[in-house]
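Here's a quick tour of a few spots in one protein chain. Take a look at the sequence and the 3D view first, then read on.

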Amino acid sequence: MRCSLPISSERRVLCVFPAYTPSFGTFAHAFRLMYRVRAFMPPQGLLLIAAYLPASWPVRFIDENIAPAKAADFAWADVVMVSGMHIQAPQMHDIAARAKAKGKVTVLGGASVSGAPELYPEIDYLHIGEIGDATDRLIACLDDSVATPSAQRRFETNERLPLSDFPLLAYNLIRLDRYLIGSLQFSSGCPYRCEFCDIPALYGRQPRLKTAEQITAELDAMMAQASHPPVVYFVDDNFIGNRKAAREMLPHLIAWQRKHDYPLQFACEATLNLAKQPEILALMREAQFLTVFVGIETPDADALKAMRKEHNATLPMMEAIKTLNSYGLEVTSGIILGLDTDTADSESRLKDFIDISGIPILTINLLQALPRTPLWDRLKRDGRLIADDSGLESNVRFLRPYDDVVATWRRCVAYAYDPERLFARFAHQVDATYAHRMIGPVRGKLTIPNLRAALVLAFNIALRVGLLSDYRRAFWRAAHHAFRRGQIDAVLGIGFVAYHLIEFSREALRGDQNASFYSTHKRERTLGAEPLRKSA
Ligand code: SF4
């Protein structure tokens with residue numbers, strides 16, 4: 001539903017979503033292989049707010065991962081609304097400065113300002129927390145006046161809008177074919193309390209849910225565009241945060257897929273104990289889930305216990321990964337280095353884990369303390385938080401020497417993304433995972449935009465990876481393995497993912513990228529895309 005307040009003024013609202021600093025999860029390098037793709041995923045939060053605003057208020061939506069907002073956009077607006085995560089903080093300040101230069105009132109919402117409002121003293125209005133009563137108070141305030149307030153005002157949500165009342169996202173304001181994958185939210189919140197994670201404090205421990213009808217209506221809205229991404233990512237903090245709800249929603253997703261001849265495939269984030277849910281896994285397979293991002297963090301069970309993530313150790317880790325693979329789910333793994341439990345052996349244990357698990361994509365980051373986490377509180381108590389402007393790769397004073405930790409990160413990234421090893425892990429996935437996927441009817445995917453996109457991708461992979469790269473032999477070995485098993489789709493997937501990972505890791509090893517996903521040590525700003533998150 002939209003905001004139902006009585007409105008007396010018309011306000012032109014410019015929503016600007018900040019660019020991302022590139023990371024392993026942005027896939028930014030792969031965009032040059034693709035037709036029209038310029039960014040990773042449509043931003044859910046700002047598209048939700050855009051849909052909730054009063055119907056009489058004109059809204060313009062700019063995602064700066066695709067193109068920067070122009071001076072004319074700022075000149076048009078009465079209000080400039082921005083939203084983002086901590087990793088986008090410099091870009092959010094920059095957008096606010098451009099808006100202020102045009103004399104516009106600024107509003108900031110989203111995860112970063114909700115966790116650390118003190119980081120944004122220059123913004124006129126702060127929206128803290130999720131959409132809810134604060135949103136209505138903010139809208140009433142803007143309806144009253146768009147003059148710059150004499151002092152910053154904060155609106156904090158006490159009563160959240162139930163997810164079942166969320167309006168359909170404002171897909172009409174964006175072009176979906178500019179994105180690598182679509183995004184969709186089913187639930188918000190996570191029942192666990194991992195020490196480093198801000199999700200429970202920001203979104204609660206009792207997952208709140210949309211209805212199955214909302215989910216299928218959003219898919220219908222995506223399909224209504226002439227061209228849309230072939231894969232949709234469930235951005236839920238933990239897709240199985242409420243197992244019963246996931247079990248009940250999935251049959252509706254399957255029914256929708258059947259009705260439309262399986263036009264889409266899906267991905268999500270979940271905890272590793274998903275492996276203990278065969279019923280959910282079977283449903284996910286049937287709905288055509290391809291990938292699950294799991295915050296494995298570390299292969300060390302004692303370290304998991306120390307960070308309060310024991311739920312990832314309820315099954316032997318390799319067995320759990322094997323189980324997920326057997327349902328056609330490729331696991332993508334988050335890994336953290338710089339933990340208090342790290343020892344001189346951690347590096348070799350991580351390298352063994354990379355080899356044995358056969359997981360191709362690992363986002364290897366340094367530990368970073370986020371506000372509103374138990375980790376932040378503990379390190380603050382112990383005097384181990386480092387000021388943001390330190391120029392270091394993390395705000396954590398590690399127990400091991402800083403240079404050792406960064407050097408370990410460097411060696412692990414080099415090991416993981418050595419082309420021979422990476423393509424060998426992809427070849428492993430061909431048998432361990434891709435062979436177990438359900439083959440749905442191709443009719444739903446046989447569209448002119450899909451065929452055009454596949455042809456452009458195939459040409460660019462053949463040229464840039466198969467012909468011009470210095471890792472073409474390793475690529476063709478993995479491709480040949482997939483071809484022999486009739487997995488032509490997999491060859492395209494392997495090509496574009498590997499291209500990004502190898503190019504990005506080489507930049508990172510040259511020192512052109514950050515060692516930490518949340519690092520305050522920002523490199524030169526470039527247009528990136530939304531990264532895989534670090535939850536679940
Ligand atoms: S890291 Fe994942 S499992 Fe842990 S609290 Fe955050 S969202 Fe939940």
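Predicted model: local features only at pLDDT ≥ 70, side-chain atom pairs only at ≥ 80, totals over all residues.

Residues are numbered from 1 along each chain as its sequence is written, and side-chain values use heavy atoms, with hydrogens and water left out.

**Two arginines with positive phi**

- Arg 36 has a phi near 70 degrees, a positive value in a residue other than glycine.
- You'll find Arg 36 in the loop between strand S1 (13-17) and helix H1 (44-52); helices (H or I, at least four residues) and strands (E, at least two) are DSSP runs, numbered from the N terminus.
- Arg 36 is partly exposed, at 31% relative accessible area; buried means under 20%, exposed over 50%, and partly exposed in between (1.4 Å probe, protein chains only).
- Arg 308 also shows a positive phi, near 60 degrees, and is not a glycine.
- Arg 308 sits in the loop between helix H10 (301-306) and helix H11 (317-326).
- With a relative accessible area of 40%, Arg 308 is partly exposed.

**A buried threonine**

- Thr 363 belongs to strand S14 (residues 362-366).
- Thr 363 is buried, with a relative accessible area of 7%.
- Leaving aside residues up to four places away in sequence, Thr 363 touches Phe 24, Gly 25, Phe 293, Ser 333, Gly 334, Ile 335 and Tyr 417 (contact means heavy atoms within 4.5 Å).
- Thr 363 and Met 34 are 329 residues apart along the chain, and their C-alpha atoms are separated by 22 Å.
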